[in-house]
Amino acid sequence: MGKYAKLLKRVLGGDSDASISFSELCNLLSLFGFEMRIKGSHHIFRKPELVEKINLQKDGSNAKPYQVKQVRILILKYNLKVKNGV
């Protein structure tokens, strides 16, 4: 199981939202085909075919737990698949 497959499993599991690395979560969203734009401390991810956007901010070196939950909800809601298979 690869690095991002393990991360995806942790994100979808929901048991460790407070310990998800910010940079790994950003990379995971990129693997799902999201485009990133940075405005100050906000990293805004969008995907042309989705209405919702994801706005991530660092909490130290980790992502904020409620934002990890938002990512999980989007992945499940749209049944997103990783480009190139993780």
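Is glutamate 52 buried, exposed or partly exposed? Glutamate 52 is partly exposed, with a relative accessible area of 25%. On this scale buried means under 20% relative accessible area, exposed means over 50%, and partly exposed lies in between, with a 1.4 Å probe and protein chains only.

Before I go on, a word on the model. This is a predicted model, where local features need pLDDT of at least 70 and side-chain atom pairs count only at pLDDT 80 or more, while totals for chains, interfaces and linings use all residues. Residues are numbered from 1 along each chain as its sequence is written, and side-chain values use heavy atoms, with hydrogens and water left out.

I will start with the helices. Helices here are DSSP runs of H or I with at least four residues, strands are runs of E with at least two, and both are numbered from the N terminus.

In H1, the buried residues are Tyr4, Ala5, Leu7, Leu8 and Val11. They line one face of the helix, because seen down the axis of H1 they fall within an arc of 160°. That arc is taken from the directions from the helix axis to the C-beta atoms. As background, an α-helix has 3.6 residues a turn, so residues three or four places apart point the same way. The face of H1 turned away from the buried side carries the exposed residues Lys3 and Lys9. The buried residues of H1 pack against H2 and H3, where contact means heavy atoms within 4.5 Å. After H1 comes glycine 14, with a positive phi near 80°.

Next is H2, residues 22–31, whose buried residues are Phe22, Leu25, Cys26, Leu28 and Leu29. These cover an arc of only 160° around the axis, which puts them on the same side of H2. What covers them includes helix H1 (3–13) and helix H3 (65–77), along with strands E2 (42–46), E3 (54–56), E4 (58–59) and E5 (62–63). Just after H2, glycine 33 takes a positive phi of about 95°.

Now the charged pairs. How many salt bridges does the structure hold? The structure holds five salt bridges, each being a side-chain nitrogen of Lys or Arg within 4 Å of a carboxyl oxygen of Asp or Glu. I will go through three of these.

Glutamate 24 counts as partly exposed, at 21% relative accessibility, whereas lysine 3 is exposed at 53%.

Another joins lysine 77 and glutamate 52, the residue I opened with, at 2.6 Å from N to O. Lysine 77 lies in helix H3 and glutamate 52 in the loop between E2 and E3, so the pair ties together parts that are 25 residues apart in sequence. Lysine 77 is exposed, with a relative accessible area of 52%.

Aspartate 17 sits in the loop between H1 and H2 and arginine 72 in helix H3, 55 residues apart. Aspartate 17 is buried, with a relative accessible area of 11%, and arginine 72 also counts as buried, at 12%.

What else does aspartate 17 touch? Not counting residues up to four places away in sequence, aspartate 17 touches Val11, Ala63, Pro65, Val68, Lys69 and Arg72.

Alanine 18 lies in the loop between H1 and H2. Alanine 18 is exposed, with a relative accessible area of 53%. Leaving aside neighbours within four places in sequence, alanine 18 is in contact with Asn62 and Pro65. Alanine 18 and proline 65 are 47 residues apart in sequence and 4.8 Å apart in space, C-alpha to C-alpha.

Two items remain. Lysine 47 lies over the face of phenylalanine 34, at 5.7 Å from the ring centre; the criterion is NZ of Lys or CZ of Arg within 6 Å of the ring centre and within 35 degrees of the ring normal. Finally, asparagine 79 has a positive phi of about 50° although it is not a glycine. Asparagine 79 is in the segment after H3 and counts as exposed, at 52% relative accessibility.
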